[in-house]
Amino acid sequence: MLVLGVLVVIATVATTVVSQLHPSEPAKYHQLPTLREQAVILDGWRDERVARIPQLLKKYDIDVWLMSQREYAEDTIWWSIKDALEFASHRRTVLLFHTTSSSLSGQPNPLRWVDNTGDVWPELRQILEDYNPKRIAVNVDRNIAFGGGLHVGEWEVLQEQLGAKWVERMVNEPMLGIEFVAARVPGQLEYYKQMQETTWALIEEAFSERVITSGITTTEDVEWWYREKMQEQNVSTWNHPRVSVITPESFPGWEGTKDIIQEGDLLHVDFGITAMGMNTDTQHMAYVLRTSEGEEGVPEGLKQGLKKANRMQDISLERMKAGKTGNQVLKECLDQMKLEGIEGQIYSHAIGDWGHSAGAVMGFTNLPEYVPVLGELEILSNTFYSIELYAYHFVPERNETLRFRIEEDAHWVDDKGGWEFVRGRQEKFHVVNSTTTRKPDMLRVQL
Ligand SMILES: *[C@@H]1O[C@H](CO)[C@@H](O)[C@H](O)[C@H]1NC(C)=O
Ligand SMILES: *[C@@H]1O[C@H](CO)[C@@H](O)[C@H](O)[C@H]1NC(C)=O
Ligand SMILES: *[C@@H]1O[C@H](CO)[C@@H](O)[C@H](O)[C@H]1NC(C)=O
C-alpha cells in the first residue's frame, strides 16, 4: 500500500513536468537563397561531408569504398555526394573512396570514372594492384537502404571485371553509408531552422479560417492547398500531405481521410517540406471551434490529450542518448510511460538528407515494441531526428478515446550531449474559427 502510494506520487509529479516549448510568435515564411547561391552552399556542405569519409573508413577498418552506378540507377549514397549541378549520375559512374594514408594519398578522393567504353575496369584493377587493399566495402546490404544501393547488374559487372582476387576482399559494412548520410555539418542547422519555421507557417495558415470553412472545405482540399502553397514557396515535398479528421477509427490514416470538415472536428496533418537537400516531417492537430454555438475555446479533454503526447516527447528526448540502440530507447520510453500511466505508441526516425533518413528507428506503427535490424542500430550524435508518436486519451466531452498524434524534428546539441526541437513543439491547438450559415450535421458526407 505504502509503496504503491509513493509510486503514484512520483507518477503525478512526473506527468506535470512538461517543458514549455511552443513558440510565442506566429511562424513566418522564409525565402530561400537563389538557386545559384544554394548551389554554392550545397557543394560546400558536400565537400565538408566527403572530407570525413577517410576517417570513417578507418573507423570501420575499410581500405576502399567502391560504388558503381549508371545514369538513373544510382546508388543511394550518390544523392548525398553529387554536385549541386548534377541531376543524375552520368553513363557508368564508378567512385572509389580511399583512406588518406594509402598509396593513393594526394589523389582525388573519391577517384571517379565516367565511362561507357569499359576503360574503367583495367584502370581500376591497376589501382587495386598498386594499393593492395585488404577490405573493400561495397553497398550490398540486404536490409538497409543506405548500405545496399549497389544495383544487381552493377554488382554482377563488378564481380566479372574485378575477378575473384578482389571480390574475395569485398565486405558489407552498412555503417559507412549510415554514418555518412546521417552526420550533419554546422552550416545546415541555420537553414533547417528556417525550413522548420516555413513548415509551421504552412500549418498555421492551413489550419485556420483563411483556408478552412467548416461545412464546405474537405480534408483533401487542404492537402492540395499544401501542395500548391509549397510550390509557391519554392519548396517541394517527399510525401503527399495527409490531412485527417481524428476519430477513434482513423489510424494510421496514411492517406488522410476524405471528410468535409465540420465544427467540433479534431484535425490532423502529417507532412514535410524538401529544400536544400534536407527534409522536414511534422504532425500537428487543430480544433474546429463550434462557432455557430458560440464556443470560445478548445475543450479541456483535448488539451489534456495533447499534454500527454507532449509528455511522451519529453520522455523520448530524455532517453535518446547516443550509443543506445533504438530498441533500448524504445523500451525505456515504454517502461516510463507505463510508470506514468500513459498509453500510446512511439515510432521515431532519423531525418535529414531523406524524410526517413539513415539511422536507428525507435518503433514502427506495426512494430510497437521491437524493430529488427533498424531498431538494433545505435543512435548517432550529430544528426536530426523526427520524434513521432501518439498518446491515447479519453476525452470526456466526446465520450471517446482518441489518439493524439504529434511529430516534431529535433537536432543534436553538442554542448548538452542531447536533443532539442528545431522549432519548439506544438503545445496549443491550431484553432479554426469559421463562420458558416449552414447546419454542420446536414453536410457530413463520406466522399
Ligand atoms: C520563388 O521564386 C521566385 C523565382 O525566383 C521568386 O520570384 C519568388 O519570390 C519566390 N517566392 C518565395 C515565396 O520565396
Ligand atoms: C470566432 O469568430 C466569431 C465570429 O467572428 C467571434 O465572435 C469569436 O469571438 C471568435 N472566437 C474566437 C475564440 O476567436
Ligand atoms: C459512452 O460510450 C460508451 C461506449 O462507447 C457507452 O456505453 C456509454 O453509454 C456512453 N456514455 C454516454 C454518457 O453517452
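E427 is found in the loop between β15 (418-421) and β16 (430-432), and E427 is buried, with a relative accessible area of 18%, where buried means under 20%.

This is a predicted model, in which local features need pLDDT of at least 70 and side-chain atom pairs count only at pLDDT 80 or more. Residues are numbered from 1 along each chain as its sequence is written, and side-chain values use heavy atoms, with hydrogens and water left out.

Two packed helices are described by the angle between their axes and the distance between the axes.

| Helix pair | Angle | Axis distance |
|---|---|---|
| α8 (187-206) and α9 (219-232) | about 140 degrees | 11 Å |
| α10 (300-319) and α11 (326-339) | about 140 degrees | 9 Å |

α8 passes α9 in a right-handed crossing, and the crossing of α10 and α11 is right-handed.

With contact meaning heavy atoms within 4.5 Å, L202, I203, E205 and A206 in α8 meet V222, W225, Y226, K229 and M230 in α9, a contact that has seven nonpolar, no polar and two charged residues. In the other pair, R311, M312, I315, S316 and R319 in α10 meet V329, E332, C333, Q336 and M337 in α11, and this contact has five nonpolar, two polar and three charged residues.

Key: Chains are lettered from A and ligands numbered from 1 in the order in which they are written. Axes are lines fitted to C-alpha atoms, for helices over the stretch in contact, and angles run from 0 to 180 degrees between N-to-C directions. Helices (H or I, at least four residues) and strands (E, at least two) are DSSP runs, numbered from the N terminus. A crossing is left-handed if the near helix is turned anticlockwise from the far one by less than a right angle, and right-handed if clockwise. Ala, Val, Leu, Ile, Met, Phe, Trp, Tyr, Cys and Pro count as nonpolar, Asp, Glu, Lys and Arg as charged, and the others, Gly among them, as polar. Buried means under 20% relative accessible area, exposed over 50%, partly exposed in between (1.4 Å probe, protein chains only).
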